[in-house]
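Subject: Structure for you to look at

Hello,

Here is the structure I said I would pass on. Please open it alongside this message; my notes come after it.

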Amino acid sequence: MEAITILRELWRLRYLVFLAAILALAIALMTAYRISLAPPKLESRQYHVGLASARVLVDTPDSQVVDLNPKGADALSSRASLLANLMASSPVKTIIARDAGVPASQLVAVAPSATGPTAPTPLSKAATESASAAQTYILTLQADETLPIIAVSAQAPDADQAARLANAASTGLRDYLRSVAGAQNVPAARQVVISGLGAAQAADVVRGPRRLFAIIAFIFVFGLACFGLIMVSGIARGWRRAAALERSAAEAAGPPDGDGTAAAAPSLRRRALAGIGASERTASRERSASVATDDERLAG
């Protein structure tokens, strides 16, 4: 019965329900599509991007993989963190962009934080905001806390470009370090060795809100609007009922007198009539008693 009552109430407010449905539909469309009025069109917010991941090993000339105690191995973890931050700087980023065939101005590199989570920097904000664009090149670097390994994540318009960008991270860093070592005459036996741990793994993915989110948004907004209409209608009906009861009580009490107080004539009249009736009954009983006394005397 309650469901029937709710449906009848919604039918009574069908014009407002229709407006609520239009509002819910507009919000649902804006969730999954970009709406353009000039010219009118709907553009899906979903887009395809390529993602790739690779790992870069920071090693010593006598490889720590096979040498039990290579010289300088104890400082490789901190060196990996330093190099990961260096890869996000302009000189190395330019070389990486060149090796990947990407315009350096379109490449956003996000460096790891050496001291843990910190406040967002302008560079990380730009990378986050650019992540929604399908034509953005993003290189995210993260140094392992215990191993001399740099994790590289790359985003590009497709998987092939993302793989090239991830692979170029290790080659670009290696080329930069060799150029610096050659300029400073650092012998090869004292140079850090950079090598990639296999080829980058890449795949095409779909990002952005799915159409299912639009359906969920429509159901939620429309249901919330209908619930609000029923609540407001119930409150308005209760308000009108309470006002009608107050008017009925005021009319039963009678009109106000000259001093602004309600006249109590009906109540006083009833009390007066009750008092008169009681007096008459008392007088009748007294007369009956007197007659009975007189009769007894005469009989005696």
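Below is what I found, starting with the whole chain and then going to single places.

Please keep in mind that this is a predicted model. The chain has 300 residues, of which 25% count as buried. Its secondary structure comes to eight helices and eight strands. Among contacts with a separation of 6 or more, 68% are between residues 24 or more positions apart.

Two of the helices pack against each other: α3 (residues 76–87) and α6 (residues 159–183), with axes 11 Å apart and an angle of about 100° between them. Angles from 65 to 115 degrees count as roughly perpendicular, so α3 and α6 are roughly perpendicular to each other. On the α3 side the contact is made by L83, L86 and M87, and on the α6 side by A169, L173, Y176 and L177.

Q46 sits in the loop between β2 (40–44) and β3 (47–59). Leaving out residues up to four places away in sequence, Q46 touches V206, R207, G208, P209, R210 and R211. V206 is 160 residues from Q46 along the chain, yet their C-alpha atoms are separated by 6.6 Å.

Finally, the surface has a nonpolar patch of about 490 Å², made by L212, F213, I215, I216 and I219. One of these residues, I215, lies in helix α7 (residues 211–253).

Regards

Conventions: Residues are numbered from 1 along each chain as its sequence is written. This is a predicted model: local features need pLDDT of at least 70, side-chain atom pairs count only at pLDDT 80 or more; totals for chains, interfaces and linings use all residues. Side-chain values use heavy atoms; hydrogens and water are left out. Helices (H or I, at least four residues) and strands (E, at least two) are DSSP runs, numbered from the N terminus. Contact means heavy atoms within 4.5 Å. Patches are made of residues with over 30% relative accessible area and no salt bridge: like charges are joined within 9 Å, nonpolar side chains (Val, Leu, Ile, Met, Phe, Trp, Tyr) within 5 Å. Accessible areas come from the Shrake-Rupley method with a 1.4 Å probe; for residues, only the protein chains shown count as cover. A salt bridge is a side-chain nitrogen of Lys or Arg within 4 Å of a carboxyl oxygen of Asp or Glu. Axes are lines fitted to C-alpha atoms, for helices over the stretch in contact, and angles run from 0 to 180 degrees between N-to-C directions. Angles under 35 degrees count as roughly parallel, over 145 as roughly antiparallel, 65 to 115 as roughly perpendicular and the rest as oblique. Buried means under 20% relative accessible area, exposed over 50%, partly exposed in between (1.4 Å probe, protein chains only).
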